[in-house]
Number of protein chains: 2
Amino acid sequence: MVMNAVGREIPEKIASIELEPFRGAFATPPRGNTISKNIWSHNPGKKKLLSSISEAIDKSGLKSGMNISFHHHLRNGDYVVAMVLDEIAKKGIKDIGMRHSSVFAIHTEALIEHIKNGVVTSFEGNLNGPLGKYISENPCKEPVVIRTHGARTLDLERGNMHIDVAFLAASASDDSGNCNGVLGESKFGPMGFAIADSWFAERVVIITDNLQPYPCTPISIPEHRVNYVVNVDNIGDPKGIATGTMKITEDPVRLRIAQQVVDAMDAIGQLEDGFSFQAGAGGMSLAVVKFLHERMLEKGVVGSFAMGGITGQVVDMLHEGTLRKILDAQAFDIPAIDSLLNDPDHVEVSHYHFGNPHSRGCITHQQDACFLGATEVDVDFNVNVNTHSDGLLLHGSGGHPDAAAGSKVTFITTPITRKTNPIVRDSVTTVTTPGECVDVIATDQGITINPKRQDLWKLLAEFDPKPIEALRDMAYDITGAPEPLEYTDKFVGVIKFRDGTVTDVVREVKREG
Amino acid sequence: MVMNAVGREIPEKIASIELEPFRGAFATPPRGNTISKNIWSHNPGKKKLLSSISEAIDKSGLKSGMNISFHHHLRNGDYVVAMVLDEIAKKGIKDIGMRHSSVFAIHTEALIEHIKNGVVTSFEGNLNGPLGKYISENPCKEPVVIRTHGARTLDLERGNMHIDVAFLAASASDDSGNCNGVLGESKFGPMGFAIADSWFAERVVIITDNLQPYPCTPISIPEHRVNYVVNVDNIGDPKGIATGTMKITEDPVRLRIAQQVVDAMDAIGQLEDGFSFQAGAGGMSLAVVKFLHERMLEKGVVGSFAMGGITGQVVDMLHEGTLRKILDAQAFDIPAIDSLLNDPDHVEVSHYHFGNPHSRGCITHQQDACFLGATEVDVDFNVNVNTHSDGLLLHGSGGHPDAAAGSKVTFITTPITRKTNPIVRDSVTTVTTPGECVDVIATDQGITINPKRQDLWKLLAEFDPKPIEALRDMAYDITGAPEPLEYTDKFVGVIKFRDGTVTDVVREVKREG
């Protein structure tokens with residue numbers, strides 16, 4: 001056990017996974033080299049277009065014990081994960097490692113089935129929804145490795161995570177694999193998550209339901225990254241992209257929190273020409289974008305760019321002139337997808353470009369502000385978005401730590417309590433984003449500011465910021481202090497920061513009876 | 001010495017360069033692995049924008065004995081090569097290897113100066129213009145390595161050519177290095193050549209004269225590939241892009257050759273919907289495009305794509321509906337540059353995508369036809385575009401072998417004689433493109449067809465094709481047979497085919513007196 005820089009005890013190894021302790025947001029220098037891959041060729045006249053996923057699995061050389069990946073741009077509307085796993089299972093292939101970017105509720109049934117039948121035995125990737133609960137209660141032999149979006153690309157590049165075969169959905173592709181996500185019935189927007197897979201996986205299979213004549217453009221992934229193409233009936237339902245968290249909040253308390261963030265950005269002096277930001281998903285973040293747009297219109301301010309996770313609201317800013325550019329690695333609704341196709345100033349980027357800290361430069365390092373949610377925050381300003389307060393691993397890290405570490409000012413929006421649960425507390429259940437990356441927390445009971453940002457304490461004096469301990473006390477007054485959780489000696493998951501170090505581990509919660 | 005598959009004697013090694021003999025257009029399988037590079041980082045707030053090229057040279061760590069690269073998108077209007085070499089010279093750095101994509105007449109003076117002063121001691125890259133003559137008469141210690149555009153990207157990827165620092169001109173860039181060639185006074189079009197450098201060079205410096213607010217879009221090279229940015233007064237003069245070879249021929253004989261190619265494509269049955277082609281530069285190729293466009297309009301045919309080297313004439317085809325898409329790795333004139341910015345169906349691609357044969361797929365392998373020029377052709381259908389008939393190394397290979405090997409039908413357009421020189425001859429001075437890649441040769445004295453293409457002999461019977469020996473005889477009747485050249489035992493250059501094997505070497509010609 002080693003104590004890391006956010007005070008968590010980290011084992012040196014869990015099963016076969018070696019853990020490097022988190023040392024500080026920018027304290028761990030780049031290490032290692034980029035992976036070296038076999039060189040392939042594809043002579044004229046050779047066909048990449050295969051007749052079925054079954055044939056693609058055969059041709060890709062997939063065998064028991066290998067790792068496969070998927071992107072999650074179709075989110076809760078994705079059919080590809082289940083489709084591929086079912087075919088793998090039919091072939092008797094076992095012990096597959098999932099190295100996906102994220103999975104959602106729609107994947108739960110198939111994944112639990114294939115855990116039970118031994119087809120899938122390990123997970124490295126974000127988990128969302130009931131699968132996390134299942135794995136929390138039935139840990140795999142290897143812990144689930146949760147990485148930030150940036151860390152996923154870094155660990156792929158340096159070979160700390162290996163993908164044998166990437167199965168990548170595309171809403172349009174030609175028979176050579178030039179493909180995108182902006183055309184066709186199943187369009188889902190940019191292919192930001194898939195781009196690193198196309199660079200670093202040993203084999204790349206494009207799965208489309210919309211075969212286009214060569215050359216299919218725009219080209220999100222070019223044919224020279226693609227080994228095979230399969231045309232299926234339906235890769236998914238875009239209606240599943242905009243999940244419940246994509247609706248602007250109507251709760252007056254939450255709207256007030258959002259308004260507070262915009263007021264604070266204004267008071268800090270951020271709302272000037274050239275302002276840039278990243279909005280998260282979720283009702284409060286969407287409300288912040290709405291109020292921000294209104295304020296910028298009012299002030300006649302033109303922002304430089306928004307990075308996303310893009311919604312129609314951000315597109316409105318582009319169309320109405322409060323933003324010059326949109327950098328888009330993930331679309332959250334149909335207006336965002338259509339704008340990516342049609343607006344030249346709305347530009348697709350990869351998640352490597354978005355947030356890889358050990359690259360020659362990433363977008364999050366250029367952001368003035370980001371506003372993000374939290375499941376819990378603690379008096380050290382650490383944020384948890386991975387586990388619920390009952391200790392179950394229920395969410396991925398997404399780009400939360402990437403945005404928080406990179407942005408000049410990171411705002412967290414959260415009520416101080418949810419139902420009977422204190423959100424502001426002594427210690428978060430799991431450290432997703434270290435407190436040093438968090439600057440301002442806006443709550444229903446006012447704002448608090450990280451003590452290391454004395455500059456912001458001064459600029460935001462009129463907001464009457466409270467010490468975070470005061471907000472914790474108010475929360476505990478309402479809900480009582482949280483009961484400490486009891487754990488078994490088993491590990492459910494590992495939470496990797498953007499540089500590949502470990503901010504926390506998730507332990508199995510002791511169950512009653 | 002080894003005899004290669006086009007009958008040339010190839011040494012196993014010249015100076016430090018190991019030579020692998022050409023075995024056949026698709027006979028040498030991929031070998032080796034992709035290079036592994038150090039992992040870099042760039043923390044928020046750190047500046048990439050440097051005050052001068054001098055500072056960029058210092059920061060890049062450039063030392064005597066290292067290799068540098070440049071792209072040639074500004075062609076005969078480029079100021080960057082001289083600018084950088086002058087600064088390197090001032091610092092006393094010596095023994096630099098040039099690993100450029102190509103150099104032109106405009107670079108001659110600076111390069112000869114820096115050869116003489118010992119700053120530049122080796123060349124791997126295309127040479128155009130008087131520099132080739134100088135080096136032919138004053139060979140460097142290491143032979144000049146001439147690669148096809150595809151081979152350059154392959155040998156960079158597998159580490160057979162190494163770049164320490166790439167100095168890449170951009171007509172627009174932000175201070176983090178997101179850049180393109182389509183905006184600004186010095187716009188030059190796509191950055192097709194530079195993209196491989198940005199992937200594989202140890203350090204990448206963007207040199208721009210048009211600093212844009214972050215984020216600069218469109219993004220041809222993203223910031224995560226860029227170490228430093230320098231803003232200078234002027235990277236070049238776009239008027240130098242469209243050189244003399246970019247004018248459509250007015251010579252009735254050459255126009256007739258061009259017309260013949262279009263007639264032949266039609267007779268073969270290629271001019272159907274979905275037809276694709278690559279046009280070279282040069283007056284006759286431009287004439288082919290013109291006649292092709294007219295014929296396709298007449299027939300109501302819509303082609304799928306043109307790959308280029310793009311000119312305004314190809315853009316006219318897109319605008320007038322005889323082409324669906326343009327894939328563009330290099331712009332040859334201003335209308336092409338502007339179309340790349342404004343037409344969504346005109347898409348930038350890299351030269352890796354264009355022609356790397358040992359990738360997962362390249363564009364040339366999808367082309368129905370290409371029409372290319374020749375300095376000489378021989379009775380084995382081999383083509384020379386590197387040396388003049390006096391044995392001097394005067395031109396690069398460009399994409400000639402890539403297009404010829406990949407396209408279903410390769411047309412060569414050439415008169416049988418030029419001045420007192422027989423162009424069709426027993427044996428080309430230098431084998432650039434092996435005869436097996438060449439299908440039809442259209443000349444002022446009729447067409448000839450490669451005997452291996454009996455299908456084309458039948459389809460083109462009405463053109464009364466002649467055996468190539470007959471064309472050679474006609475040429476020799478006019479000019480006499482060529483005098484054999486006499487060589488010293490020194491080597492001037494090595495001609496590498498697209499797979500990295502050697503089709504020929506260039507020897508020093510014995511001088512009189």
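In strand E16 of chain A, Val230(A) is the bridge partner of Leu50(A). The model is predicted, so that local features need pLDDT of at least 70 and side-chain atom pairs count only at pLDDT 80 or more, while totals for chains, interfaces and linings use all residues. Residues are numbered from 1 along each chain as its sequence is written, chains are lettered from A and ligands numbered from 1 in the order in which they are written, and side-chain values use heavy atoms, with hydrogens and water left out.

**Sheets**

E5(A) and strand E16 (residues 228–231) of chain A run parallel and are joined by 2 bridges. Helices (H or I, at least four residues) and strands (E, at least two) are DSSP runs numbered from the N terminus, and two strands pair if DSSP finds at least two bridges between them. These strands belong to an open, parallel sheet of 7 strands in chain A, ordered E5-E16-E15-E12-E6-E7-E9. Strand E5 (49–50) and strand E9 (120–123) of chain A are its edge strands, each pairing on one side only. Helix H2 (residues 80–90) of chain A packs on this sheet, where it touches E6, E7, E9, E12 and E15 of chain A. The direction of H2(A) makes about 170 degrees with that of E7(A); axes are lines fitted to C-alpha atoms, for helices over the stretch in contact, and angles run from 0 to 180 degrees between N-to-C directions.

In chain B, an open sheet of 3 strands has the order E23-E22-E27 and mixed pairing. Its edge strands are E23 (383–384) and E27 (424–425) of chain B. Strand E22 (residues 376–378) of chain B pairs with E23(B) in the antiparallel sense over 2 bridges, and Val377(B) stands opposite Val383(B).

**Interface**

The contact (heavy atoms within 4.5 Å) takes 61 residues from chain A and 61 residues from chain B. Together the two chains bury about 4700 Å², of which 53% is on carbon and sulfur atoms; buried area is the accessible area (1.4 Å probe) that two parts lose on being put together, summed over both. In chain A, the residues that lose the most area to chain B are Ile39(A), His224(A) and Arg360(A), together 21% of what that side buries.

Between the chains there are 34 residue pairs in polar contact, both residues at pLDDT 80 or more. A polar contact is a pair of N or O atoms within 3.5 Å; within protein, one must be able to donate a hydrogen and the other to accept it, and residues adjacent in sequence count only if both atoms are side-chain atoms. The count of salt bridges between chain A and chain B is 0.

**Salt bridges**

Over all chains the structure holds 54 salt bridges, each a side-chain nitrogen of Lys or Arg within 4 Å of a carboxyl oxygen of Asp or Glu. One of them joins Asp58(A) and Lys91(A) at 2.9 Å, N to O. This pair links distant parts of the chain, 33 residues apart: Asp58(A) is in helix H1 (residues 53–60), and Lys91(A) is in the loop between H2 and E7 of chain A.

**Backbone**

Most residues other than glycine have a negative phi, and most peptide bonds are trans.

| Cis peptide bond | Omega |
|---|---|
| Thr217(A) to Pro218(A) | near -5 degrees |
| Tyr214(B) to Pro215(B) | near -10 degrees |

Pro218(A) lies in the loop between E15 and E16 of chain A, and Pro215(B) is in the loop between E15 (203–208) and E16 (228–231) of chain B. Phe381(A), a residue other than glycine, has a positive phi near 70 degrees and lies in the loop between E22 (376–378) and E23 (383–384) of chain A.
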